[in-house]
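Here is a short note to read alongside the model. Please keep the structure open and look up each residue as you go.

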Amino acid sequence: AFESRRLAANSLDLIFHKEPEWKGEWWAYHPAKSPPPARTRAWEGTSEARRSFLELMGSARAELREVAAVALGEAPDADALAALRRAASADTSVPARVAALRGLAGARDAETGPLVANLLGQAGKLDTELTRAAISAAPSFGGENLTKAVAALVDQSGDGLEAESRL
């Protein structure tokens with residue numbers, strides 16, 4: 001039953017939003033050289049899918065929370081951004097936290113900068129994948145605190161981050 005539910009959630013992600021109306025300017029001449037446009041256009045099924053993904057963010061199954069975070073990050077609204085911030089800061093699953101961070105970075109959510117700065121301040125104590133996601137997300141938010149946090153990581157030595165380069 002769980003595997004079917006995860007598969008259904010992945011399929012729902014693909015129909016959550018539709019591709020924008022084609023007006024001849026994207027993907028027209030060389031579709032093999034560029035990806036199709038992002039699915040960002042709402043349709044009559046979007047609100048039901050959105051409700052399902054927001055509900056899945058509270059699932060006991062980490063895999064379902066990760067699928068939901070990816071989907072909500074692709075076309076976030078205020079409720080989705082709030083759910084993604086909660087997941088990025090406190091989810092018990094590293095992949096779900098990483099998916100939430102990536103969604104927030106893609107949305108350039110202004111309220112996420114302090115969260116990313118906090119994660120960067122804990123970089124030596126966090127899972128390597130989460131640390132890398134926070135470092136990658138930092139340029140999406142910018143600001144003095146994030147600049148200082150990233151610079152501190154560049155300047156650090158002997159804190160275990162060197163071992164990360166050997167991974």
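This is a predicted model: local features need pLDDT of at least 70, side-chain atom pairs count only at pLDDT 80 or more; totals for chains, interfaces and linings use all residues.

1. Find Thr 112. This residue sits in the loop that runs between α5 (94–107) and α6 (113–121). Is Thr 112 buried or exposed? Its relative accessible area is 0%, so Thr 112 is buried. The cut-off for buried is under 20%.

2. Now look around Thr 112. Its side chain makes a polar contact with the side chain of Asp 109, at 2.6 Å. Which residues does Thr 112 touch once neighbours within four places in sequence are set aside? They are Arg 85, Leu 104 and Phe 141. Arg 85 comes back in point 6.

3. Turn to charged pairs. Side chains of opposite charge can pair when their charged atoms come close. How many salt bridges does the structure hold? The count is 10. The next points take up some of them.

4. Take Asp 91 and Arg 65. Their side chains form a salt bridge, at 2.7 Å from N to O. This pair links distant parts of the chain, 26 residues apart. Asp 91 lies in the loop between α4 (78–90) and α5, while Arg 65 belongs to helix α3 (residues 62–74). Both Asp 91 and Arg 65 are buried.

5. Take Arg 85 and Glu 111. Here the side chains meet in a salt bridge at 3.5 Å, N to O. Distant parts of the chain are linked again: Arg 85 is in helix α4, Glu 111 is in the loop between α5 and α6, and they are 26 residues apart. Why does Arg 85 count as buried? Its relative accessibility is 19%, and the buried class covers values under 20%. Glu 111 has 55% relative accessibility, so Glu 111 counts as exposed. The exposed class needs over 50%.

6. Take Glu 144 and Lys 148. They form a salt bridge, with their closest N and O atoms 3.0 Å apart. Where does this pair lie? Both residues are in helix α8 (residues 144–155). They are 4 residues apart there, so about one helical turn separates them. Glu 144 and Lys 148 are both exposed.

7. Finish with a group of residues. Glu 48, Arg 51 and Glu 55 are linked in a network of salt bridges. Find these three in the model and trace the links.

Key:
Residues are numbered from 1 along each chain as its sequence is written. Side-chain values use heavy atoms; hydrogens and water are left out. Helices (H or I, at least four residues) and strands (E, at least two) are DSSP runs, numbered from the N terminus. Buried means under 20% relative accessible area, exposed over 50%, partly exposed in between (1.4 Å probe, protein chains only). A polar contact is a pair of N or O atoms within 3.5 Å; within protein, one must be able to donate a hydrogen and the other to accept it, and residues adjacent in sequence count only if both atoms are side-chain atoms. Contact means heavy atoms within 4.5 Å. A salt bridge is a side-chain nitrogen of Lys or Arg within 4 Å of a carboxyl oxygen of Asp or Glu.
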